[in-house]
Amino acid sequence: MGSLARGDQLPTQTYRVTRADLIAYAGASDDHNPIHWSDRVAASVGLPGVIAHGMFTMALGGRALSTWAGDAGRVRDYGVRFTRPVVVPDDDEGVEVVVDGVVDEIVDGAVRVDLTVRCGAVTVLGRARASVSTDA
Amino acid sequence: MALDADLTGRSYDLKAPYDVSRIDIARFAAAVGEADPVHTDAAVARERGHRDVLAPVTFPIVVASGAMHQLLADPSVEIELRHLVHSAQRFESARAICAGDVLSARLTVESVRRAAGTSLIATRTEITDADGAHVCTSHATLAHRSPDGTGG
């Protein structure tokens, strides 16, 4: 991470999300809620379409954090609010989720990072914050 | 209806301790697109000071959700999965999870609040290792909207 200062930006990460990713995540996480794979069920509960697992979107934020930190073990405290759904169409292109971050605070042995996670113009995670250890 | 204050304070344990395997970690890492070999190559993980392959940041949800499944399976709790939305999540980790960990988890319902036909269920899950040491606290808030819109 090198020398850090408040206001430092994390490199922007862009992740493409398709229906196939949601199926893989459902299996790996054992979260089989049908709103993440069935258009019929998603529509029946008033959603605009199949949506990504909130935890999948959170994991993409975690991926941006661990990429920046150099090791997933450095991310010690990570919290988000799921404010808007990521609607994933049934096509090959899917959608793009873009993760930005900024160093908000440097404390003893750790930095606090604020993430902005967007899908198109919409911010999909709120109060996305993490504490990343700077100890080796 | 059990989706009321009655639920507050109830606890649910994982049915059996979760044996974290290298395959579990590799599969989860692949599913979230984590390409760092620390998740798949034990030699790389050891070089970086970990005991074995390292779990991705949000992997504790897999363990915590086992305890959540016990809450959802409680016949006295009327929650329908399709009406359940995750509204907030936080992990406070004392240490990273590695392959070989044998983890227990206890979920406690901290509060149930109703607003505009939705019940907000705040939960806390303590994940501990085979020695009983704290590994991670997972805080999950769930929003449940009943089919009749009462939030129950």
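Which residue just after α3(A) takes a positive phi? The structure is a predicted model, in which local features need pLDDT of at least 70, side-chain atom pairs count only at pLDDT 80 or more, and totals for chains, interfaces and linings use all residues. Residues are numbered from 1 along each chain as its sequence is written, while chains are lettered from A and ligands numbered from 1 in the order in which they are written.

Chain A contains 3 helices and 5 strands, where helices (H or I, at least four residues) and strands (E, at least two) are DSSP runs numbered from the N terminus. Their order from the N terminus is β-α-α-α-β-β-β-β.

Helix α3 of chain A covers residues 54-69. Its 16 residues should span 22 Å at 1.5 Å a residue, and the end C-alpha atoms are 22 Å apart, which agrees; the expected span is 1.5 Å times one less than the number of residues. Of these 16 residues, 15 are buried, meaning that 20 or more other C-beta atoms, placed from the backbone, lie within 10 Å of the residue's own. Just after α3(A) comes Gly70(A), with a positive phi of about 90°.

Turning to the interface, 33 residues of chain A are in contact with 29 residues of chain B; contact requires C-beta atoms, placed from the backbone, within 7 Å. On the chain B side, β3(B) gives the most, with 8 residues. Strand β2 of chain A (residues 75-82) runs antiparallel to β3(B), and 5 bridges join the two; strands pair if DSSP finds at least two bridges between them. Within β3(B), Ala88(B) is the bridge partner of Arg81(A).

Terms used: Two residues are in contact if their C-beta atoms, placed from the backbone, lie within 7 Å. A residue is buried if 20 or more other C-beta atoms lie within 10 Å of its own, exposed if 12 or fewer, and partly exposed in between; C-beta atoms are placed from the backbone.
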